[in-house]
Amino acid sequence: MKKTTDLKIPSFDIERSLGAPDAIICGVDEVGRGPLAGPVVTAAVLLDPGNIPHSLNDSKKLSAKKRALISKEILATAECAFGEASLEEIDELNILHATMLAMHRAVANLPRKVDHILVDGNRLPQFDAPASAIIKGDQKSVSIAAASIIAKEKRDLLMKKLHEMHPEYGWNQNSGYGTKMHMEALNLVGPSRFHRKSFAPVRNLMAQQHPLND
């Protein structure tokens, strides 16, 4: 049986080791690398060390209701910024480079310069400040966890708006990921202009001269 002490809960330890609260440390995360539709969204967060929201955790470990509540608290107490890479940029650059571009934009959109950047994952964009890639960073750093939460909320809301234009794909439930319902709709009505043309399922349909579902 797994001990409760084995559960990973993000903390401020990494930020503290880098000199916070005197040093300005931001956390960065992305949402939307895997979906077949929609942009990739990133967030950068500068937490107030004296006012860190309770229950901060990896966005994937929170219920939708809990994530929405904590997202509002983060936006109200921290300095936050977002970055996106468009469908065209994803298809032209590939998803990895488009994600790096969106991360760079998020940090550039912060209201002040930072001393160090913590990024979830094992790759780093070319930032204008020192940075560290933290594998499973959203489980270790509250700054990265906060970024994961607000990025997830922003992208889910965006996909719900796109769902109103194309309800057949179920984007209000799957956020553009290749679920069974999404794939069945793709095969039945074809891809829309919001699909990533460089991703194999969409690319293969287009190679079969399947018309765009506009």
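User: Why is Lys 136 called exposed?

Analyst: Its relative accessibility is 51%, so Lys 136 counts as exposed. The rule, with a 1.4 Å probe and protein chains only, is that buried means under 20% relative accessible area, exposed means over 50%, and partly exposed is in between. Keep in mind that this is a predicted model, in which local features need pLDDT of at least 70 and side-chain atom pairs count only at pLDDT 80 or more, while totals for chains, interfaces and linings use all residues. Residues are numbered from 1 along each chain as its sequence is written, and side-chain values use heavy atoms, leaving out hydrogens and water.

User: Where does Lys 136 lie, and what is its phi?

Analyst: Lys 136 lies in the loop between strand E5 (131-134) and helix H5 (142-165). Such helices (H or I, at least four residues) and strands (E, at least two) are DSSP runs, numbered from the N terminus. Its phi is near 55°, a positive value in a residue other than glycine. Most residues other than glycine have a negative phi, and most peptide bonds are trans.

User: What about Ser 175: buried or exposed?

Analyst: Ser 175 has a relative accessible area of 7%, so it is buried. Ser 175 also has a positive phi, about 55°, although it is not a glycine. You will find Ser 175 in the loop between H6 and H7.

User: Which peptide bond is cis?

Analyst: The bond from Ala 20 to Pro 21 is cis, with omega near 15°. Pro 21 sits in the loop between helix H1 (13-17) and E1.

User: How do you know that two rings form a pair, and how many aromatic pairs are there?

Analyst: A pair of aromatic rings is described by the distance of the centres and the angle of the planes. Rings of Phe, Tyr and Trp (its six-membered ring) pair if their centres lie within 6.5 Å; planes under 30 degrees apart count as stacked, over 60 as edge-to-face, and the rest as tilted. By this rule, the count is two aromatic pairs. The rings of Tyr 169 and Trp 171 have centres 5.0 Å apart and planes at 15°, so this pair is stacked.

User: What makes the pair of Trp 171 and Phe 194 edge-to-face?

Analyst: Their ring centres are 6.4 Å apart and their planes are at 85°, so the pair is edge-to-face. The pair links distant parts of the chain: Trp 171 is in helix H6 (171-174), and Phe 194 is in the loop between helix H7 (180-189) and helix H8 (200-207), 23 residues apart. Tyr 169, Trp 171 and Phe 194 form one aromatic cluster.

User: Why do the members of this cluster count as buried?

Analyst: Tyr 169 has 0% relative accessibility, so it counts as buried. Trp 171, at 1%, is buried, and Phe 194, at 12%, counts as buried too.

User: How do you know that the buried residues of H7 are on the same side?

Analyst: In H7, the buried residues are His 182, Ala 185 and Leu 186. They cover an arc of only 105° around the axis, so they are on the same side of H7. That arc is the one of the directions from the helix axis to the C-beta atoms. The face turned away from the buried side of H7 carries the exposed residues Lys 180 and Leu 188. The buried residues of H7 pack against H6 and H8, where contact means heavy atoms within 4.5 Å.

User: Why is Pro 39 called buried?

Analyst: Pro 39 has a relative accessible area of 11%, so it is buried. Pro 39 is in the loop between strand E1 (25-31) and strand E2 (40-46). Not counting residues up to four places away in sequence, Pro 39 touches residues including Glu 84, Leu 87, Arg 155 and Arg 196.

User: How many disulfides does the structure hold?

Analyst: It holds zero disulfides, a disulfide being a pair of cysteine sulfur atoms within 2.5 Å. Cys 26 is in no disulfide, and the nearest cysteine sulfur, that of Cys 80, is 11 Å away.

User: And how accessible are Cys 26 and Cys 80?

Analyst: Cys 26 has 0% relative accessibility, so it counts as buried. Cys 80 has a relative accessible area of 22%, so it is partly exposed.
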